[in-house]
Amino acid sequence: MIFENLVINNFGVYSGKQNFDLSTKSKKPVILIGALNGSGKTTFLQAIDFVLYGKFSNYFYSQKLSYENFLNKNVNKQNFNEGAQIELTFSRKYKGKKQKFKLSRNWKQIGKKMKEEFFVFIDEKYDEDITKDWDNFVDQILPSRVASLFFFDGEKIEQLADLDQSKQVLKKAINSLLGLEIVDQLNLDVEEFQRRSALELKDKKEKIRINEIEEQISKHQNEIKNIDERIVKIQDQSTKVQYEIRQTDIILSQKGIAYYEKEKEYKKEQADINDKIDELNNQIIEVAGGDAPLMIVKKELEEILVQSKQLNKS
């Protein structure tokens, strides 16, 4: 299974349609994805996990929600009415030759319920049989129970490196391998079934009141989620500003070093000039200590010399 392309539309933090080209070249076989916290790195992996396995995905099991609530939660709130969609294109050998698979999983609220659709295309052609039997088909390629050992990010590596957190991570992985998480999910499904059954036994007024309370709870949960998202964005902005401050400090420091070096050069040049001035002053003193002062009275000396010659003649 070689991933080639991923399209995420209104899933989690991804607002609108986002396209990721995952194709590689022989000399460049690795794709690195980096971004600030809250930008969608983990959601990227969750999208792959969910489009492959749906209600059997590790991401769904980790949320401890009914499937319908899970679908509702993972539609981007800014474009909630449009619904969400994930498409994954990959290639693998099938029936003796390399073929291109495209999975399309989309869901949207219609009335009070979430409607999900899933399609499998092979070489651009819709395959109804594999679509209906996809859960068994993908389980033969990469079982969902071991998918978490293949799809993980840097945070998971960090958790594994932390002795305190690694125990919990490994415990969760073992439970997933043994299928024990299904029990937890069944408990959630039973609770959801009991809630709906109890709701059906209520009279009309109580049903209306319960629905109103549930809507308020859902509204408050969405508000909490939006606040959490804003907090993450503010933290990211703060991180970005701190990074820019550090970069500015480095630039100023580098410029300061340059100015310091220039100052040293200027001081050295000034010292050299002062040395030359001192040398010239010493030369002047040496000259002044010899015959040079007589140059001041050169004319008078010449007159004395003339007078001396005249006296000698007389």
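Analyst: A residue is called buried under 20% relative accessible area, exposed over 50% and partly exposed in between, with a 1.4 Å probe and protein chains only. The model is predicted, with pLDDT of at least 70 needed for local features and 80 or more for side-chain atom pairs, while totals for chains, interfaces and linings use all residues. Residues are numbered from 1 along each chain as its sequence is written, and side-chain values use heavy atoms, without hydrogens and water.

User: Why is strand 1 described as largely enclosed by the rest of the structure?

Analyst: Six of the eight residues of strand 1 count as buried, so the strand is largely enclosed by the rest of the structure. Strands (E, at least two residues) and helices (H or I, at least four) are DSSP runs, numbered from the N terminus. Strand 3, at residues 84-94, is likewise largely enclosed, because eight of its 11 residues are buried.

User: What does strand 3 share with strand 4?

Analyst: Strand 3 and strand 4 (residues 97-110) run antiparallel over 11 bridges, with Ser-91 opposite Lys-100 of strand 4 and Tyr-94 bridged to Lys-97. Two residues lie between the strands of this hairpin, where Lys-95 takes a positive phi near 55°.

User: What makes strand 2 and strand 6 edge strands of the sheet?

Analyst: The open sheet has six strands in the order 2-1-3-4-5-6, with antiparallel pairing. Strand 2 (17-21) and strand 6 (125-126) each have a single partner strand, so one side of each is left without a neighbour in the sheet.

User: Why is Asn-74 called buried?

Analyst: Asn-74 has 4% relative accessibility and therefore counts as buried. This residue sits in the loop between helix 3 (67-73) and strand 3, and a polar atom of the Asn-74 side chain lies 2.9 Å from the backbone oxygen of Phe-70.

User: What lines the second largest pocket?

Analyst: The second largest pocket holds about 880 Å³ of space. Its lining has 31 residues, of which Val-13, Gly-38, Thr-43, Glu-229 and Val-232 are the closest to the centre. A pocket is an open set of points on a 1 Å grid where a 1.4 Å probe fits, with protein on both sides within 12 Å along at least five of seven lines, and lining residues have an atom within 4 Å of a point. Helix 10 gives the most to the lining, with eight residues, and domain 1 (2-151) and domain 3 (203-309) each supply at least three.

Technical notes:
Points joined across faces, edges and corners; volume = space filled by probe spheres on them. Domains from an automatic or database assignment. Pairing = 2+ DSSP bridges. Polar contact = N/O pair within 3.5 Å; in protein donor to acceptor, adjacent residues only side chain to side chain.
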